[in-house]
Amino acid sequence: MGRRQVFLRGARDAVPVALGYLSVSFTLGLAARQAGMSILQATVMSLITVTSAGQFAGIAAIGAGSALLITALAQGFINLRYVLMSLSLTQRIDPHEPLGRRLLMAFAVTDELFALALAREKPLEPIYYYGMMAASIPGWTLGTLLGAVLGELLPPPVVSAVSVALYAMFIAVVVPPCRHSKKLLKLVSMSMLASGLLRALPWTGGMAPGLRVILIALPLSYIFARGFPLPEEGHHD
């Protein structure tokens with residue numbers, strides 16, 4: 001199969017991902033407008049930063065006026081999983097692939113593209129990954145643009161009502177895995193409890209959202225990683 005065919009195959013395989021990105025990033029655009037970002041800022045953010053959880057957290061921090069350092073630390077921790085995904089992908093690429101091609105792939109390591117890449121037979125061709133990027137990144141960016149434009153046109157009460165979809169999206173992401181993993185359910189429950197306590201207590205209630213994320217995520221992640229490590233491949237909870 002030629003390079004052009006491999007590229008088109010990657011783009012074709014990523015079409016469902018692009019459609020999903022379009023709907024999710026639409027809510028992202030609305031949230032960006034609510035946080036005071038311009039249409040251009042929101043669109044460029046999605047074009048150069050393809051990370052749903054990281055962008056939502058960043059928008060929340062911007063809306064709350066968090067310090068840049070706290071926002072940066074929160075982003076680094078939230079997006080840490082992409083480093084692990086990138087390390088895994090390097091094991092599927094031909095060792096002789098140039099560094100530049102690897103770095104270009106690293107620009108858009110997302111959960112969905114990572115899953116598609118793992119389903120591809122070894123060695124993973126960078127051109128296939130570029131095809132996936134060519135289909136998915138425009139979907140993510142276009143959805144953000146449409147959401148930001150709608151946020152500009154609609155009155156604030158309507159935008160606030162539509163933004164409820166953001167919370168519905170998080171519920172849809174978290175609940176299904178929790179039904180199959182008691183450990184994950186415990187982790188999510190403890191995170192929610194800790195977040196509520198930090199917000200309610202007088203000496204932490206005014207804390208920046210990004211700092212609260214760090215204070216909750218770091219210790220709980222360590223506790224669960226040490227106490228409940230992932231089972232060996234082929235075994236389950």
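## Leucine 40 and helix H3

Leucine 40 sits in helix H3. Helices here are DSSP runs of H or I, at least four residues long, numbered from the N terminus. The model is predicted: local features need pLDDT of at least 70, side-chain atom pairs count only at pLDDT 80 or more, and totals for chains, interfaces and linings use all residues. Residues are numbered from 1 along each chain as its sequence is written, and side-chain values use heavy atoms, with hydrogens and water left out.

Leucine 40 has a relative accessible area of 63%, so it is exposed. The cut-offs are under 20% for buried, over 50% for exposed, and partly exposed in between, with a 1.4 Å probe and protein chains only. Leucine 145 is 105 residues from leucine 40 in sequence, yet their C-alpha atoms are 8.0 Å apart.

## A nonpolar surface patch

Leu40, Val44, Leu47, Ile48, Leu104 and Phe107 make a nonpolar surface patch of about 560 Å². Such a patch takes residues with over 30% relative accessible area and no salt bridge, joining nonpolar side chains (Val, Leu, Ile, Met, Phe, Trp, Tyr) within 5 Å. A salt bridge puts a side-chain nitrogen of Lys or Arg within 4 Å of a carboxyl oxygen of Asp or Glu. Areas come from the Shrake-Rupley method with a 1.4 Å probe.

Helix H3 (residues 39–48) gives the largest share of the patch, four residues. Valine 44 lies in this helix. Its relative accessibility is 37%, so valine 44 counts as partly exposed.

## Threonine 51 and helix H4

Threonine 51 lies in the loop between H3 and H4. Its relative accessible area is 5%, so threonine 51 is buried. Its side chain makes a polar contact with the side chain of asparagine 79, at 2.7 Å. A polar contact is a pair of N or O atoms within 3.5 Å; within protein, one must be able to donate a hydrogen and the other to accept it, and residues adjacent in sequence count only if both atoms are side-chain atoms.

Threonine 51 also caps the N-terminal end of H4, with a side-chain oxygen 3.2 Å from the backbone nitrogen of glycine 54. In H4, the buried residues include Gly54, Phe56 and Ile59. Just after H4, glycine 65 takes a positive phi of about 75°.

## The nonpolar core

The largest nonpolar core has 35 residues. Such a core joins buried Ala, Val, Leu, Ile, Met, Phe, Trp, Tyr and Cys residues through side-chain atoms within 4.5 Å. Ile59 and Leu89 are among those with the most contacts inside it. H9 gives the most to this core, with 10 residues.

Definitions and conventions. Patches are made of residues with over 30% relative accessible area and no salt bridge: like charges are joined within 9 Å, nonpolar side chains (Val, Leu, Ile, Met, Phe, Trp, Tyr) within 5 Å. Helices (H or I, at least four residues) and strands (E, at least two) are DSSP runs, numbered from the N terminus.
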